[in-house]
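This report describes helix geometry, helix packing and strand pairing. The structure is shown below.

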Amino acid sequence: MSWGTELWDQFDNLEKHTQWGIDVLEKFIKFVKERTEIELSYAKQLRNLSKKYQPKKNSKEEEEYRYTSARAFLATLNEMNDYAGQHEVISENMTSLITGELTRYVQELKQERKSHFHDGRKAQQHIETCWKQLEASKRRFERDCKEADRAQQYFEKMDADINVTKADVEKARQQAQLRHQMAEDSKAEYSSTLQKFNSEQHDHYYTHIPHIFQKIQEMEERRIVRIGESMKTFAEVDRQVIPIIGKCLDEITKAAESIDHKNDSQLVIEAFKSGFEPPGDVDFEDFTQPMKRTVSESSLSNSRADGKSEPKFGGKSKGKLWPFIKKNKGAGPEDFSNLPPEQRRKKLQQKVDELNRDIQKEMDQRDALTKMKDVYIKNPQMGDAASVDHRLAELGQNIEKLRLEVQKFEAWLAEVEGRLSMRSEARRQSGLYEAQNPSAVNSCAQDRESSPDGSYTEEQSQETEMKVPATDFDDEFDDEEPLPTIGTCKALYTFEGQNEGTISVAEGEMLYVIEEDKGDGWTRIRRNEDEEGYVPTSYVEVYLDKNAKDVYKSLEKISE
């Protein structure tokens, strides 16, 4: 199957077909180029989308990413950024491996095609020239033959005419012989030219043209193979990034699976828990009594301060129902005293940590300047050692100021933690007090209040110290009687309690609860009389006894 033998007379069609092949190749190059532009545009849009939803630094959004669901979303955004990078890789590889290579190949192909068809046209022109020479020789032979026939006829006519002189007859005879000789020469030349043309024609159609067409065929077949390889590369470039894209998608799935709804719920408690107890029941105020109405100790009205009842409008009390009052939006006091106990402790601890980090930064700068000063002292040509003294003095003053700030906030923190520990100790005593004074639990009123702007105050905390009979209670407390159980719990996960105060539990184990989570994320449990400790609240499912829980809360109010 050779174009040289099968298509020996289709020179023009082969020229059109090879040009069509180059057009197809250029069309494929254009297609790949547009695909790379789409990939780049898609990657850019994905990156912009990921950037758009990234949390802004030093903003409230950044704080929200402590929740597992928000962290999973952030991981998804990061993975989408990497996903976009793989589309950029596709674009780059297609540009270098397909578009660039094929563009160079097309230029080479055009030059090769031009050379082959130039040789073909040259061969055609040569055979046409030979054909023209043959035709000229043939016409010359034909003309000489006719001239010889006419000369012979003229000689015979002159020879038969008795009126013509002998000299004229001789002249006609010589002319006829000359014409016959010229005809013979033309015949010989025509025969030679014919043989030469036949030889050239044979070489043309059986040697030169097949050879040229064979090269054109090989060129076209290489083009077909090349475009097929480019199409494979087109698919392979995509296939190479599939594992990385799959890894990105796996990471997104992993991030989604890492979402812990229990943990997020616990974080909400830690973020917003105030430490207050819900308000007690509002006392009934009897307006039918002519005597002066007094407000019960358990009432939430704010008339305790001046001992006078406020006017009532429409029969509704204007008590301090602090959970429903909007908090002051202005800047709070420096010691965060406007916050509930748990929130205040967290804010103070954050402030102490922040100040300690600032101190460390200042100390690092001071150490660096001290080393620089030592270098200047040893090598005066490098700089003036006295030039850094002013900065060292400033750093020393800054460190001293920050340390004073730390001491101030640590004092406030110790004060808050002391109060919280007192409450915890009071709760430990509540079990014994409940057994000895059950009536006191029911009659005790809630004294903790919040100010109208939602800030926490403990002005009444000293007035409502827990009044426990000193007769038998102190002796029994000295014996360190264990805390009463307020419910049970089931371990959802295995926990290895390696730190002091913690206890190890196995998944599915049932234990006793002796102290609820107070906002720090830990619940106190007991396995037996000798084994008790703290476990993460998110690791257990708590079942509190309703009666025990109510008594526990009442005693907690007393302790405060």
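## Basis of the report

The structure is a predicted model.

## Helix H5

Helix H5 covers residues 166–257, a run of 92 residues. The distance from its first C-alpha to its last is 132 Å, which is close to the 136 Å expected at 1.5 Å a residue. A bend of about 45° occurs in H5 at His204.

## Packing of H2 and H4

Helix H2 (residues 11–52) packs with helix H4 (residues 68–160). Their axes are 8 Å apart and form an angle of about 165°. Because angles over 145 degrees count as roughly antiparallel, H2 is described as roughly antiparallel to H4. The crossing of the two helices, H2 and H4, is left-handed.

Sorted by class, the residues in the contact of H2 with H4 comprise 23 nonpolar, 14 polar and ten charged.

## The five-stranded sheet

An open sheet is formed by five strands, arranged in the order S6-S5-S4-S3-S7 with antiparallel pairing. At its edges lie strand S6 (532–536) and strand S7 (540–544), each of which pairs on one side only. From one strand to the next, the twist averages 40°.

Strand S5 (residues 522–526) runs antiparallel to S6, and five bridges join the two. Within this pairing, Arg524 has Tyr534 in S6 as its bridge partner.

Methods:
Residues numbered from 1 in each chain as written. Predicted model: local features only at pLDDT ≥ 70, side-chain atom pairs only at ≥ 80, totals over all residues. Heavy atoms only, no water. Helix = DSSP H or I, 4+ residues; strand = E, 2+ residues; numbered from the N terminus. Expected span 1.5 Å × (residues − 1). Bend = angle between axes of the 7 residues up to and from the residue. Axes fitted to C-alpha atoms, helices over the stretch in contact; angles between N-to-C directions. Parallel < 35°, antiparallel > 145°, perpendicular 65-115°, else oblique. Left-handed = near helix turned anticlockwise from the far one by under 90°. Nonpolar A, V, L, I, M, F, W, Y, C, P; charged D, E, K, R; others polar. Pairing = 2+ DSSP bridges.
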